Amino acid sequence: PWVSAASAQAGPIRIGLMAPLTGVVAAGGREVVEGFNLYWDQAGRKVAGRDIEIIVEDDAANPDTALQKARRLVEQRNVNWLVGNILANTGLAVAEYVKGNGVPYFIPVIAADDLTQRKRLPNVVRIAGYTSSQTPRPIADYGLKQGYRKAVTISQDYAFGHEQCGGFCQTFSEGGGAIVQQFWNPLNTADFSPYLAQIQNLNPDVVFSMETGADAARFIQQWANFGMKGKIPVLYCQNATDQSVIRTLGAEAEDLISGAHLCEGRDDPANNKFVAEYEKAYIKLPSIYGFSHYSGAMWLGEAIKRVNGKIEDKDNFLKVVRSIELVDSPLGKKVSLDP
């Protein structure tokens, strides 16, 4: 039957949320769902007069599964947008799919530089997120200001690790520092001692360590066990000092330095409010996954209000999403997307 535009717009806004609820990053995947739901729950699941319906699918941290779930959400569940995923390879698979159909796809965590740079698509927007190479740049600048000039890097040997390391190395070397050696460890490295022995022999001014998940926990523990904590300074990537890692550690996780766009202890009213509400809802401090998807939901909520609920005009909605300036959010005082 024929449906008028007005009555179509009175129906619910259907959001397809994809997260790895099984597989290697399942803990982070659960927090994607928690953070995203928290914002819409606080809004009463209604914005600009329209109900918000969230349909969750498990991408299993697998690109083929992510593609299959994205298809199901769009072609069978008739969602208006896709949101989420964690691993870059799952995001790249979903981006390739929406390239053909124009469905808006919002990525608060997926950081692959290409997705918003060299291979950018008009309907793929990184809301409330960051590119892989972005957050290590200020930490490199910090290192230069400490007087460090000789750096060694150790990083997971995959796209995100390469891009994170690249951001650090570019800023550090352009600022007058030198990268004397780079080590690349495979994902799921159980024993870091061969790398630690070599780093010790090189005796650099500073080490940049880019490890995520279990690798990060093991690196931090083994660095301390090897007797190197406090002897050679380490600058960590944001993922290593994320709550998803350090909540499992003890004293070895004290006094670590990293650069990130989330600091759960930052003394700011909007940040404090978010952290308190998340802790009350889920009995833990938020990680980057919950934080990013809460902030991403806030970004979408503001855009829905801005278009007065008329999200069916995709081009206009995407234009509005890109023009949003979030004020007093967990991300900071004022946050907007650069070109």
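Which residue is the bridge partner of Ile15 in strand 4? The partner is Trp81. This is a predicted model, in which local features need pLDDT of at least 70, side-chain atom pairs count only at pLDDT 80 or more, and totals for chains, interfaces and linings use all residues. Residues are numbered from 1 along each chain as its sequence is written, and side-chain values use heavy atoms, with hydrogens and water left out.

**The sheet**

Helices (H or I, at least four residues) and strands (E, at least two) are DSSP runs, numbered from the N terminus. Two strands pair if DSSP finds at least two bridges between them. Six strands make an open, mixed sheet in the order 2-3-1-4-5-6. Strand 2 and strand 6 (124-125) are at the edges, each with a single partner strand, so one side of each has no neighbour in the sheet. Strand 1 (residues 13-19) and strand 4 (residues 81-84) run parallel and are joined by four bridges.

Two helices pack on this sheet. Contact means heavy atoms within 4.5 Å. Axes are lines fitted to C-alpha atoms, for helices over the stretch in contact, and angles run from 0 to 180 degrees between N-to-C directions. Helix 2 touches strand 1, strand 2, strand 3 and strand 4, and its direction makes about 155° with that of strand 1. Helix 11 touches strand 1, strand 2, strand 3, strand 4 and strand 5 (105-106), and its direction makes about 155° with that of strand 4.

**Two helices**

The expected span is 1.5 Å times one less than the number of residues.

| Helix | Residues | Span, first to last C-alpha | Expected span |
|---|---|---|---|
| Helix 2 | 26-42 | 25 Å | 24 Å |
| Helix 8 | 213-225 | 19 Å | 18 Å |

Buried means under 20% relative accessible area, exposed over 50%, and partly exposed in between (1.4 Å probe, protein chains only). The buried residues of helix 8 include Phe219, Ile220 and Trp223. Among the packing partners of the buried residues of helix 8 are strand 7 (150-156), strand 8 (178-185) and helix 7 (193-202).

**The core**

A nonpolar core is a set of buried Ala, Val, Leu, Ile, Met, Phe, Trp, Tyr and Cys residues joined through side-chain atoms within 4.5 Å. The largest has 85 residues, and Trp40, Phe106, Trp223 and Phe317 touch the most other members. Helix 11 (residues 288-306) gives the largest share of this core, ten residues. A second, separate core of 20 residues includes Val74 and Leu121. Leaving aside residues up to four places away in sequence, Trp40 touches Ile15, Arg45 and Leu300, among others.

Most residues other than glycine have a negative phi. Ala48 has a phi near 50°. Ala48 sits in the loop between strand 2 (46-47) and strand 3 (50-58). Asn203 has a positive phi of about 45°, and its loop joins helix 7 and strand 9.

**Cysteines**

A disulfide is a pair of cysteine sulfur atoms within 2.5 Å. The count is zero. Cys165 is in none; the nearest cysteine sulfur, that of Cys169, is 4.4 Å away. Cys165 is buried, at 0% relative accessible area. Cys263 is partly exposed, at 42%.
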